[in-house]
Amino acid sequence: MMKKKSIPASKPLLILFLCQIISALDVPLDSKLLEELSQPPTITHQSPKDYIVDPRENIVIQCEAKGKPPPSFSWTRNGTHFDIDKDAQVTMKPNSGTLVINIMNGGKAEAYEGVYQCTARNERGAAISNNIVIRPSRSPLWTKEKLEPHQVREGDSLVLHCRPPVGLPPPIIFWMDNAFQRLPQSERVSQGLNGDLYFSNVQPEDTREDYICYARFNHTQTIQQKQPISVKVFSTKPVTERQPVLLTPTGSTSTKVELRGNVLLLECIAAGLPTPVIRWIKEGGELPANRTFFENFKKTLKIIDVSEADSGNYKCIARNTLGSVHHVISVTVKAAPYWITAPRNLVLSPGEDGTLICRANGSPKPSISWLANGVPIAIAPEDPSRKVDGDTIIFSHVQERSSAVYQCNASNEYGYLLANAFVNVLAEPPRILTPANKLYQVIADSPALLDCAYFGSPKPEIEWFKGVKGSILRGNEYVFHDNGTLEIPVAQKDSTGTYTCVARNELGKIQNEVHLEIKDPTMIIKQPEYKVVQRYGQVSFECIIKHDSTLLPTVIWLKDNGELPDDERFLVGKDNLTIMNVTDKDDGTYTCIVNTTLDSVSASAVLTVVAAPPTPAIIYARPNPPFDLELTGQLERSIELSWIPGDENNSPITHFVIEYEDGLHEPGVWHYQTEVPGTQTTVQLKLSPYVNYSFRVVAVNKIGRSQPSEPSEQYLTKSASPDENPANVQGIGSEPDNLVITWESLKGFQSNGPGLQYKVSWRQKDVDDEWTSVIVANVSKYIVSGTPTFVPYEIKVQALNDLGYAPEPSEVIGHSGEDLPMVAPGNVQVHVINSTLAKVHWDPVPLKTVRGHLQGYKVYYWKVQSLSRRSRRHVEKKILTFRGNKTFGMLPGLEPYSSYKLNVRVVNGKGEGPASPDKVFKTPEGVPSSPSYLKITNPTLDSLTLEWGSPTHPNGVLTSYILKFQPINNTHELGPLVEIRIPANESSLILKNLNYSTRYKFYFNAQTSVGSGSQITEEAVTIMDEAMASRQVDIATQGWFIGLMCAVALLILILLIVCFIRRNKGGKYPVKEKEDAHADPEIQPMKEDDGTFGEYSDAEDHKPLKKGSRTPSDRTVKKEDSDDSLVDYGEGVNGQFNEDGSFIGQYSGKKEKEPAEGNESSEAPSPVNAMNSFV
């Protein structure tokens, strides 16, 4: 089986000329083939159905068609034949059906009003155009009327009627004053859809005599003005407030019919004091998002692209502080016919079947009627192969005589659709369109595509052969495409040869030969290599290639992916690139690219330039200035300047800079003119008209610039029209209804003559308007008033002077002023990621509602309340800005277990649009913060009382508290860790069954369903047993103990006396040396491994201490800090004695923040302990 694969061919041979239906044929767009094939007419261009023409210009009714043979054209007017030969004012363009009605030579446009239809006919059928209704535009004058002044009491309502003349098309209405300034409008004063000016309540500032209504007829570019209306407001005290009353529409209900796809405009304007506010709702539904806009201070509801789903009752409500009034507008959306399936052209072979389908919808549902060659099908000549079934025509076993053009008409009371679709029955033997003996050249191991473009009716079958007597090609090594192309996916040397394409159908057979050559690939066998060269040295890169002998290669060298510098130091040879006198700027990557007609290869290498060895010092200096400047060959636009160079001062002059002074426009200011190489001492200078030139020359070497030469003589050029136009032309509106056009003024010498002015022209883009122009002088800005909001304008600024205009300027695109965006982003969605992070999504607003340059979106979000406390507090709103047309963003830093609100606003250059409806979202629970405090009070022999405060930030619903504690003995070893879970509603606990006179460390934290929060730590000591304290006091008062203490004191006293006597006698008593050698361990600094009391650290209170852990002290126990001192336990803040003399350390209720090292012992000392440590 032959493998077929549908992919594009290597060349665009099969471009669809006709649509393929059922078994319809594809006709290649081949000029020779199209000249030979017959084709029924097809209308290619026609005037619009409703064609309003300018009565001052010739009427052109377009009708263009194609076909083979070329069609002839005829016209009907108002349903009857229009004989153009009998009307000298009417001509038809050659080879076209377009009519030209000559109005400018005496004809009247009104005489040619009517309904026109064009017919294009040849031997294969007839196509017809739409009914083209021709109507001349009208811009009638205002009828004269006597306008009485309006005298109105302050606070009353007022309507100023415009009643413009009826024009075609209807005029655009606006109100201005005598100074041609638009009258300001607001919620109180606004213009209605009918053009009238409505005052909800009048104020004294409304008194004026120049309320003028203007009607602009765009088609004829004319503006009509109504007589000024005078309004006088008189005051009465006090001003009576009034509840709202609707000025328009009247009554409580009204109806409105609009067509599908149009813009629905509903209006409510109310009177009242204070000024009423208008609100719109749709009964039983929501206003459509992204298609709803409010205009005229919300007095107008605008819904774009309406559909049947927008039918319903729309209520406007006008409200002020005294009451409200409403009006219901019942909207019905009808629809002119619109296509569901339009009929498409059908190309068939004799004996084939096909269908034409014409389906349309509308409201009411349109009726479908068929025509054949412009004649209703019921009275058209019969065709046995044709059967009409409602919206479908079925063709069976067609013959060549079945060719015709069919028209489908879908119509209802709101309009019609007309579509032409031909049936073209062709009987054609096969033709091969690919040139004979075409040569294909392919690089080995690459795909080869051999074309066989063909046509025939019926569709031919394609077969491929290789060689003169070769067999038909089959197998997986070939791919056969539907367009006839043969693909060899991996061409090898043995693929070279002659290939034959054969096309056959029942009417004939044809074949064509093409040739395939396989070429060797191009390779770089010696690539350029990395080089390091000294400054001012020489370097060479090699690029040796191997290629097919029949292909001609070209070698291109690049530096840093760009062209080589235009410098004679770069020498390109056959196989290399050499750079002479290398400089620092030659650093970079050099690439060798080899191209043939079939392939391309490349290789790169890096060049690094390093400093050259030092050379003997030479004094270099800037050059001396040039001298003897001379002007010769004076012409209107050029002159020759020559000079003599000054001394180079050991550094060659690299170039000369020529400067000029314009003594006429900018005396004393020198400007850059040009520069020439240092070897050149003459230059031809281009001059501008109307400039008084002086020239000077500056020499430049590597050290710097010379002083300027003395100026040359002056030369005044003649005046001329400007050569150039202002640069940097821009159009940016500063207000929603204006366009500010700015430009850079030409400099004096650019004016080319006296009387420099600017012609400023503008017109709205994509609107068939004429240019509006104004000529200004001595300014670089012009303001166009009365523009629509943020629409594109074509702008151009042309310079002119007393001698003429500059060349036609190029156009730039500007925009009238921005206004605040009209709608809020819709479909705002929030996805909560975790307890502190959320992601917000929104739909982008339509760009045309942005009314300006889209800058991005702002998300306003704020916390409403904590879900755990249920308390509200004012929290400042947070704002995140997302640039560009982004439709999502992340909200970080949220508080867990809280309720938030957010809204989204679109931002343009003018500011922010309305906010989307507030979106409420909640964050889930998190872990709580640590309890606010932990106090330990009421110590007894075996109990302690714990009190605590709930976490400042619970971050959820507290489920419990976790208390862990462990004892610490005198050597700071830790006992077992005990854990207690406490209900969340508790705030205190009495711990019992503790050991007496024992220090405990406590770890306390709160829990939510998510987990445990950070913990707080405290320490406390139970009090000493009274019996033990009594025994210790008894030992201290024993006689033997007192005697021992006295003996020790006496011995020390004797030793001191002996030392004093020996010292006075000059004798030596080496007590200190002996003490140093045999120090008493009781008073030595105690090492950690000597059994000293390890000190307990509180640096990591959040972790329970491991059993037996020891924390080193500051390594030295100073004498004044010794444990045998009672100073630390005197009547200080932290110590007191019980009634029996025992000492109680105050630990309860205080959390001590102790450093990680050097803490004091956590043992509870007593006087007995102090004395025991002494002995």
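Mentor: Happy to. A salt bridge here is a side-chain nitrogen of Lys or Arg within 4 Å of a carboxyl oxygen of Asp or Glu. Side chains of opposite charge can pair when their charged atoms come close. Please keep in mind that this is a predicted model, in which local features need pLDDT of at least 70 and side-chain atom pairs count only at pLDDT 80 or more, while totals for chains, interfaces and linings use all residues. Residues are numbered from 1 along each chain as its sequence is written, and side-chain values use heavy atoms, with hydrogens and water left out.

Let us start with the pair of lysine 863 and glutamate 895, a salt bridge whose closest N and O atoms are 2.4 Å apart. This pair links distant parts of the chain, 32 residues apart: lysine 863 belongs to strand S74 (residues 854-866), and glutamate 895 lies in the loop between strand S76 (888-891) and strand S77 (898-908). Strands are DSSP runs of E with at least two residues, and helices are runs of H or I with at least four, numbered from the N terminus. Lysine 863 counts as buried, at 10% relative accessibility, whereas glutamate 895 is partly exposed at 29%. For these words, buried means under 20% relative accessible area, exposed over 50%, and partly exposed in between (1.4 Å probe, protein chains only).

The salt-bridge count comes to 37. Among them, aspartate 560 pairs with lysine 559 at 3.1 Å between the closest N and O atoms; the aspartate 560 side is partly exposed at 44%, and lysine 559 is buried at 13%.

Now to the rings. Rings of Phe, Tyr and Trp (its six-membered ring) pair if their centres lie within 6.5 Å; planes under 30 degrees apart are stacked, over 60 edge-to-face, and the rest tilted. There are 21 aromatic pairs by this rule. One of them joins phenylalanine 965 and phenylalanine 1002, which are tilted, with 5.7 Å centre to centre and 35° between the planes. Again distant parts of the chain are linked, 37 residues apart: strand S81 (residues 960-968) holds phenylalanine 965, and strand S84 (residues 999-1007) holds phenylalanine 1002. Phenylalanine 965 is buried at 8%, and phenylalanine 1002 is buried at 0%. Elsewhere, Phe174, Phe180 and Tyr214 make up one aromatic cluster.
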